[in-house]
Amino acid sequence: MSLWVDKYRPRSLDELHYHPELSSRLRSLAASGDFPHILFYGPSGAGKKTRIMCTLRELYGPGVEKLRIDQRVFVTPSNRKLDVNVVQSNYHIELTPSDVGMYDRVVIQDILKEIAQTQQVDLNAKQRFKVVIINEADALTRDAQAALRRTMEKYMNNMRLILCANSTSKIIAPIRSRCLLVRVAAPSDDDMTKVLQHVAKKERFSLPSPVTKSILSTSQGNLRKALLVFEAMKMQRPDLTGDIEVAKPDWETYCSKIADSIIQEQSAQRLLDVRGKIYELLSHCIPPTVVLKTISERIVDRVDDALKPQIVHWAAYYELRMRMGSKKIFHLEAFIAKVMTVYKQFNMIGYTEDYE
Amino acid sequence: MPSSTPKKSSKKEDSEDYSPKKSQEKKKPVKKDEKAAGRDIRGFGAQKSSGSSSTAGNGTGKKPITIDDSDEEEEIVEKKPAPKANTSKHFASASSSKKPIVLDSSDSDTPAPRPKAKPPTPKAKAPTPKAKPTSAKRKILIDSEEESEEEVEDVKPAKKRQSLGAGLSSRSNGKKPSYVDSDSESEEKDEPPKSKAKSKVPVKGKKEKSASSMDVDESEDSDSEDFIDDEKDEKPKKGKGKPKPKASPAKKSTPAKKAPAPAPKAGKKDVDEEKQVKAEEKKPANNNWRAAAAARAAGPKAPGSRDIAQGEPDSLAGLTFVFTGEMESLGREDAQELVKRLSGKVTSAPSGKTSFVVVGENAGASKLKTIKEKKIPTMTEDEFFEFIRSRKGGQLDEKQIKARQAEEKKIQQQALEMEKREKEEETDRKRKERALEGTASAQLWTTKYAPQNLREICGNKTVVERLGTWLKDWQKNYDSGFKKPGKDGTGIYRAILISGPPGIGKTTSAHLMAKEAGYNPIELNASDARSKKLVENSTNIDNTSLDGYFQGKGIQSTSVADVRVDSRTCLIMDEVDGMSAGDRGGVGALNALIKKTRIPMILICNDRSLQKMKPLQSTTFNMTFRRPQPAEIRSRIMSILFKEKLKIPANVVDELVKGVNSDIRQVLNMLSTFKLSKDQMDFDEGKELVKVNEKNTIMTPFTITDKLTGPYAFSKTSKETLNDRMELYFHDFSFVPLFIQEHYLKTQPALTNTLSGAEQNLKHLELVSKAADAISDGDLIDRMIHGSEQHWSLLPFHAVQSTVKPASLIYGPGRSQGGPGGWGPAFPQWLGQNSKQGKLGRQLTDIQIRMRLKVSGGRNEIREQYMPLLASKIVLPLVQRGTDAVEETIEYMDEYFLGKDDWDALVELGVDSMAESLISKKIPSATKSAFTRQYNKSDHPIAFHKGDMFAASKKKIADMGPAPDNEDVFEEDEAVPDEPSDKGENDDSEDEVNDVSKDKLIKAVKPKGATAAKGKAKPKAKK
């Protein structure tokens, strides 16, 4: 009854459909007994966590799949109580320190150290060390990363770290140098087709190639997205024939609507309306960068060629500011105001001033 | 096109650069002696800033232009012409006529410069009107290059009239400005399009700006335009005479001006009517009360265009003025002050007693109507000045003189009385306490001149009298058991609660009335501890306590604060609202005391609406003291002044009293301090004194936002400096930026006023975009302040970027938002939205962690990718198939360990077509209840016991205490406990849940302590 994406998730290294060289390397690493700290990185939906779990299974056997969730409460120096959810099996622990935002340092210092200081207690375990998985490692603050760095070396006997990130750029060099960097690239179209076919076969139906194509084009190398879209499509039209529109998620259609209303009219009043809509998206947990990206892509699609580079330029410009600032909506609004101005100038006088 | 315009502008800059020299050479022979003679309104309003800026401006005109923020500058120069180019043709003529700059009309035939203070001779009046037509022409020239964003309606007859005084000033330093005229003139002829003038403007603005530090440094075109206006206003005024020959050609091009020009000659009524019509026609945008109010506050449009008349003192005594509409050279406040300075009276609405109405632009229709009805004489601004100049000081009529004499007599009498009493007291005291050196002069004025009888109390007469009757009747009421309300309803109360602002005589009145009624007042105030126990014990009024007895002082049982209480005692509890944390239970005890008191009690507080004053509401009679009117205080103050031999005119006293909000105590304190240095005070000194003593008031973010973005907030007439505006930010620096951010899209910027249609919209957008950029910059700065770096010294910079700069771009009247209460700044949405985001974010984390057992994705992936599909599995079926889908839905939810709460959260997280409001409407309530019922009926796997865990871990934390020093205690059971639960866990996933919960319980008891112990134990073992 699970969704396909979870139902057909590979459980061991042998079952993985793509990146066979990576699988074999992980296998040999697990077998060597000298398992390093590893930093898995790659785009979302490429299979990082799946590979991590497969590797763990290789290390410890099926016991790692018995997961349970523990909620730790701890107190920050400013006397605030924080809940941290810890997913763990007998052999490993999985943390997402970025859940607690700026207090992630405390999580690293308290919980991780505590784990690191204890030895593996299961005498039957295949390895003498425990594994700690840190999700969203690239969202760790600098302080947290600094706190991590010594722990990694000091407690190497008891613990191995597996960091999981989308990009290494936000991870400080000392940590990168202590880890084995494993890049999990997004699957190629062929790989994805293979996976889709595999799922279709398991579900006992045949997958027409136009459907595959449209899935591939919307999912953009994100296998998770591809499988979810695939299932949504199948639900929508069980026979998978004819011209199937890929159902877009709610937030994406909403973003397109915002983009359309920007193209339709440029005025302060419209900007005010757009502000309301953006608040709606942000408050419903759509990350601001995603909002910015989706809106600007849609706008770029719809404007004159001469304007496209400018829109992209401003999108990049404001995304950087958004990351540097704290109140995201201010920058989103500035972006939209800029786009409106540029677009209106272009329409009224046929050109716009150069951007930097 | 874009390439050509900047070029032009640069050319212009050049020409401007050298032109000053030329013109100066030309002008040198003209007299330049009476430089200081002319004093313009700006000098009057803001002496410091304007004076310096104008001279500085002149000075820098010759210097090479230095532009600090050059990139911005370029942008402006390039951008400006572009949008305008299309329309420049239409605009050219209009713009040229738009902003009449007041030129000095009284060129050659002006009488010799008069000293300011002197009232002009009647003759002087004559030439002025005659000069008008020519002046109009001349004006046009200068205006043609003028930018003038906002004041379309400036085209006004009144404007053209040049006051004589201005003539003086213009003559005095008239050399320099003429280049402006000649320069623009020539350009105007061959290149009519406006773009030129425009591009030139910012450069000049910069110059000016760099000279006068009072303004926003990075102000962009908009700002600099303002400055230009300022500067030009002054310059042409000063530059006189020269432009005459050039005037003729331009004259024809601006016929619009001509019509109003002769108007002043016509009867006043015509003027009024014309003005009214104009107001209606020309200012549709400002036709709302808000804009009008702001305009009133914002002040004159062409400050300094006329010289302020300096009438003789008392010259307006006995006259009552009403100001209506907007004056050109003088803000309303300034005008009112002027009248008051000359002992005139100002009322807000015309009535039968009004002597004159000074009518400005956009005069209120209703006022004009009353004026007509009551046939009150009206005058224009110029006539008003003329009137002041012409009036001799002290032209009092018989009646006034008499009234004044009578008043003086009264004052002297009072003073005499005081003196007499003082002497008596003095001798009395001397007799009593020879040892003590305290003489009368050593006393504070507030004590020395405290009212000694009912007559001397200022204001609140009726209330005080009522207090007196209540006290007199108290014994009677007591005897009747407080059953009879009496005439004024005070008869049923044992106590009175007096409330009112500080310094208006509450305590004094209470004491005085108690004494008058024959009581012996005992005062307890905040300096006495008044906790429950103390109130109960120290005010041992009904003799229930024996401690007095046991203390061995005999049977001295009824005492308050060690003063014997008898039936003729009155207890005054001062500053009741000051009973604070230290006086725990004080109010309650006091209230209990009131209920059984056998002596009258007077309670005094400042604010009786406070929560802690609630208990007293029902047991006390509420008596509110109001601030007395200045007139009520005046005579008292005057007599004190007379006594103290301080010479301060009555109007100054009024001003002082008003300035401190009728706080008598403060006025006396101020005056007694002032006396140390001087024996006299004139109007300006009075103002200054008030300003120095002004209490700091905290404004709300609403008013701050209103003030910063008001229609004229940054107009050229605004006298506020950058520092003043930043000051506003610092009133509440965490909120004001948010308010500005909320509000900046809701105005119709004043800077777009000169444009219309699409041009205006584009300009508006540009401004908004710039403002948004500034706000965005502000946020980056905010991050540096509040982030890990804590650069608090950046706050002023943040003030500019987040508040002042955006406001400077988009100030203007608010646009109607269509709803009720659409006016004015709204509370920032950001706060609400942010907390909503936080709340939903936590719910999403909850969902994610539950699903984590099945799913690999993080929070964002769950929201962005899973949720749409998941919704179509567990939400949409309920919408489409109703009750039938309940089973299936629950099955899915169980699969992902989602509970009913998570289902709700999931629905709440939807947007657009999945928005909660839509979805919950679509699911029939029968389905909903069936779903809930079904869900509650069955068992569900849970990922973990959140509640238990939470409680347990909390306990753990508590147990662990500050320092987990329990290594020895735990040493033995090291390593053992984790084992059993961990081992047997290789069953199916169904059991997993049970195991998990079991684990939890076990865990809750031990793991943290155990692990901690282990951690601690290890190093020990190593040792």
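# Cores and helix packing in a predicted model

The largest nonpolar core has 74 residues, and A:I262, A:L281, A:I299 and B:Y744 have the most contacts inside it. A nonpolar core is a set of buried Ala, Val, Leu, Ile, Met, Phe, Trp, Tyr and Cys residues joined through side-chain atoms within 4.5 Å. Buried means under 20% relative accessible area, with a 1.4 Å probe and protein chains only. This is a predicted model: local features need pLDDT of at least 70, side-chain atom pairs count only at pLDDT 80 or more, and totals for chains, interfaces and linings use all residues. Residues are numbered from 1 along each chain as its sequence is written, chains are lettered from A and ligands numbered from 1 in the order in which they are written, and side-chain values use heavy atoms, without hydrogens and water.

- A second, separate core has 57 residues, including A:V211, A:V246, B:L878 and B:I923.
- Leaving aside neighbours within four places in sequence, A:L281 is in contact (heavy atoms within 4.5 Å) with A:W251, A:Y254, A:C255, A:I258, A:I286, A:V291 and B:V911.

**Two helices in chain A**
- Helix α12 (residues 288–302) and helix α14 (residues 328–349) of chain A pack at an angle of about 10°, with axes 10 Å apart.
- Axes are lines fitted to C-alpha atoms, for helices over the stretch in contact, and angles run from 0 to 180 degrees between N-to-C directions.
- The two helices, α12(A) and α14(A), are therefore roughly parallel (an angle under 35 degrees).
- From α12(A), A:P288, A:V291, A:L292, A:S296 and A:I299 meet A:K328, A:L332, A:F335 and A:V339 of α14(A).
- The residues of this contact divide into 7 nonpolar, 1 polar and 1 charged.
- Ala, Val, Leu, Ile, Met, Phe, Trp, Tyr, Cys and Pro count as nonpolar, Asp, Glu, Lys and Arg as charged, and the others, Gly among them, as polar.

**Chain B overall**
- Chain B holds 48 helices and 11 strands.
- Helices (H or I, at least four residues) and strands (E, at least two) are DSSP runs, numbered from the N terminus.
- Of the 1023 residues in chain B, 55% are buried.

**A close look at B:F739**
- B:F739 sits in helix α34 (residues 736–743) of chain B.
- Its relative accessibility is 1%, so B:F739 counts as buried.
- B:F739 and B:F827 are 88 residues apart in sequence, but 6.6 Å apart in space, C-alpha to C-alpha.

Notes
Angles under 35 degrees count as roughly parallel, over 145 as roughly antiparallel, 65 to 115 as roughly perpendicular and the rest as oblique. Buried means under 20% relative accessible area, exposed over 50%, partly exposed in between (1.4 Å probe, protein chains only).
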